[in-house]
Amino acid sequence: MYVPIQTPKKPTNGPGPGPGHGPPATSGELSEFERMRLEKIKENQAMLRKLGLPVAPPPKTSKRKLIKMPDASDGDSDEDYIPEDDEGIDKKNFEDDNDSKHDDFYVAPTPVVSRTPAPKKKRKTPSRRRVSKSTGKRLKSAEKRTLKVSSLRERLEAAAKEEQQEEEPVDSVLSRKSFRMAFERARPTSNNTLALLNMMSTRDATKLIKKLKPKNMIAKKRLNDAHHKKFRTLYLQLQCGFNVLLYGVGSKKLLVQRFASRWLTEGPVLVVNGYFPALNLSGILDSITKDIMQAYSKTFSSPLEQVDYIKKFLPTWAPSVYVIVHNIDGEALRENDAQSVLARLASIPQIKLVATIDHILAPTLWSARQSSEFRWLAHDVSTFDHYLHELKYTTSTVGGENEDRASGIAFVLKSLTPNHHEILMVLANEQLESYPQGIDFHHFLGLCQDGMLVRTEVDMRNHLNEMKDHHLVETKNVDGRQLYYIPYGNDVIKQKILATSESE
C-alpha cells in the first residue's frame with residue numbers, strides 16, 4: 001500500500017501571502033512522522049552506546065520524490081500532474097481519483113499485478129500394454145517380469161563378453177602371478193606333537209582334588225538330607241514295578257550305595273560300574289545266571305537268549321533282584337545293542353533297576369520302545385560331589401601315550417581270557433623285534449596257529465575284533481596291506497602288556 005501524501009494547493013493569482021506564495025516544496029524534505037521516527041531511533045542508539053551494546057545502522061527511509069506544482073501561468077492543468085515515482089499507477093485511474101471531491105488528499109491505487117494461472121496437471125496417459133509378437137495377446141504381469149529379467153540378463157552377458165574381450169594389462173598379470181607364487185611356497189612344518197606335552201595324569205589330578213578344602217559343606221549336608229528323605233519314595237516306586245533313573249550334577253555313587261545298604265535288603269543286589277571301560281554285557285548276564293541262578297553249565301548263543309532264560313527261571317530262585325548301574329550312559333554301554341539287552345532285562349518283573357546318568361544327552365540313547373520297557377521314573381539328586389570314582393578309569397584324549405591311557409590297560413587285560421593274552425603277547429613281541437609298523441593278518445594268523453592259540457581264520461578275527469573294541473589293537477593300511485599293531489609306545493608295551501602277562 002502506498003502512504004497518502006498531501007497534495008499541494010493550487011497557487012492563487014492574487015497578491016499577498018498565501019499558500020501559493022510560499023517557498024516551493026523541495027525534493028529533500030521529510031514528513032513530520034518520518035522526522036519523529038528518526039529522532040526516536042537516534043535516542044535508542046545513544047542509549048545502546050551508553051550500555052556498551054552493538055548498535056544497528058539506521059534503516060533507510062523511503063524518500064518520496066515530490067513534484068513541483070506547476071503554476072497557472074504555465075498553462076498546464078491538474079490533469080497533467082502525475083507522481084514520477086509511481087511507476088505502476090495507471091494514468092486513467094489517477095485522473096479519475098484526482099477529480100473526486102477530496103481536493104486536499106488522494107490515495108494512490110495499488111499496482112496491478114498480472115497473475116499467470118497455474119499450469120494444469122497433465123493427465124497420465126495409460127501405459128501401452130505389451131503384446132507378444134507370436135500370439136498378439138496382451139502379456140500378464142508375470143510375463144512382463146520374465147521379459148524384463150531376460151532383457152537384463154542379455155545386457156549383463158553382453159557386458160561380460162566385452163570385459164573378456166578387453167586385454168588385461170601386463171602389470172596386473174605379473175602382480176597376480178607373484179602373489180600366487182608367494183603363497184604357493186612350502187611352509188615350514190613343526191615337529192611338535194601332542195605326545196610331547198607334559199600332561200598331568202589322572203592320578204596326580206585326583207591327589208590334588210583330594211587336597212582341596214571342601215566348600216559349602218553346610219549347604220551340601222542339607223541337600224543330602226533332602227535326598228535321604230526320598231529313599232522311601234524310591235523304594236515304593238521299585239515295589240510298584242517301576243525302575244528309578246537318577247540324574248543331576250555331581251557324583252551319585254555314594255548316595256546310591258547308602259540307599260542300597262539301608263533299603264534294598266530283601267534280595268540279592270548286583271552292582272554294575274558302567275564307567276568301567278572294559279565292561280562286558282555278557283559279564284552282567286553271567287553274574288545273574290551263574291552267581292544267583294547257579295546255572296554254571298548252561299551256555300547261550302546270544303545275550304537275548306540269555307535274557308529269555310533269566311525271565312523264565314528267575315522266579316524260582318529269587319522273588320526280586322536289585323540291579324544298580326552306575327552311569328548307564330557309560331562308553332561301554334552306549335551302543336544300541338547293549339541298551340536293548342538292558343531294556344529287555346529291566347522289563348522282567350523280578351528285576352528292580354536303579355541307574356544313574358551324567359551325560360546331558362543320555363535320554364537320547366533310548367528309543368520309544370526301549371523307554372517303555374525301562375519304565376523310568378526320573379529324580380533329580382544333584383550332590384555337587386567330585387567325580388573321583390568315575391574318572392579313575394578314563395583315558396585322556398590328548399597325548400596318546402601318557403600315563404592315563406596306559407593305566408587302563410591293566411584293567412582291560414583282567415577282563416580278557418588267557419587266550420587273548422597269548423595272542424596279544426605274540427603281537428607285542430613281533431612289534432618290538434621285527435615289525436614296528438605292524439604285522440600282516442596272514443602272517444599273524446600263521447604265528448598264532450603255530451602256537452596252537454587259534455584254529456581257523458574266523459576264530460582269529462573274533463579275537464582281534466574283541467581286542468579292537470577294547471582299544472588294545474588297531475589297524476592301518478600300508479601299501480595296500482592291512483596291518484595290525486598295538487597303539488602304544490614301546491615302554492608301555494613292555495611295562496603294561498608283557499609284564500602283566502608274564503606275572504599272570
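Tutor: Strand S3, helix H11 (residues 336-346) and strand S4 form a right-handed β-α-β unit. Helices (H or I, at least four residues) and strands (E, at least two) are DSSP runs, numbered from the N terminus. A crossover is right-handed if, with the strands pointing away from the viewer, the path from the first strand over the helix to the second runs clockwise. The model is a predicted one, in which local features need pLDDT of at least 70 and side-chain atom pairs count only at pLDDT 80 or more, while totals for chains, interfaces and linings use all residues. Residues are numbered from 1 along each chain as its sequence is written, and side-chain values use heavy atoms, with hydrogens and water left out.

The account begins with the strand S3. Strand S3 (residues 321-326) is mostly covered, with 6 of its 6 residues buried; buried means under 20% relative accessible area, exposed over 50%, and partly exposed in between (1.4 Å probe, protein chains only). In a regular strand the side chains alternate between the two faces of the sheet. Val-321, Val-323 and Val-325 point one way from S3, whereas Tyr-322, Ile-324 and His-326 point the other way.

S3 also has pairing partners. Two strands pair if DSSP finds at least two bridges between them. Strand S2 (residues 269-273) runs parallel to S3 and is joined to S3 by 5 bridges; S3 and S4 likewise pair in the parallel sense, over 5 bridges. Tyr-322 takes part in both pairings: Tyr-322 is the bridge partner of Val-269, and Tyr-322 stands opposite Lys-352 in S4.

Next comes the helix of the unit. The buried residues of H11 are Ala-338, Gln-339, Val-341, Leu-342, Ala-343, Leu-345 and Ala-346. What covers these buried residues includes strand S1 (243-247), helix H9 (281-292), helix H10 (303-313), S4 and H12.

A nonpolar core is a set of buried Ala, Val, Leu, Ile, Met, Phe, Trp, Tyr and Cys residues joined through side-chain atoms within 4.5 Å. Of the 64 residues in the largest such core, Ile-328, Phe-374, Met-460 and Leu-472 touch the most other members. H11 gives the largest share of this core, 6 residues. Apart from this core lies another, of 15 residues, among them Leu-238, Val-244, Phe-259 and Val-381.

Asp-358 is located in the loop between strand S4 (351-356) and helix H12 (368-374). Asp-358 counts as partly exposed because its relative accessibility is 28%. Although Asp-358 and Ile-328 are 30 residues apart in sequence, they are 8.8 Å apart in space, C-alpha to C-alpha. Not counting residues up to four places away in sequence, Asp-358 touches Gly-248, Gly-250, Lys-252, Asn-327, Asp-329 and Tyr-387, where contact means heavy atoms within 4.5 Å. The side chain of Asp-358 also makes a polar contact with the side chain of Asn-327 (2.6 Å). A polar contact is a pair of N or O atoms within 3.5 Å; within protein, one must be able to donate a hydrogen and the other to accept it, and residues adjacent in sequence count only if both atoms are side-chain atoms.
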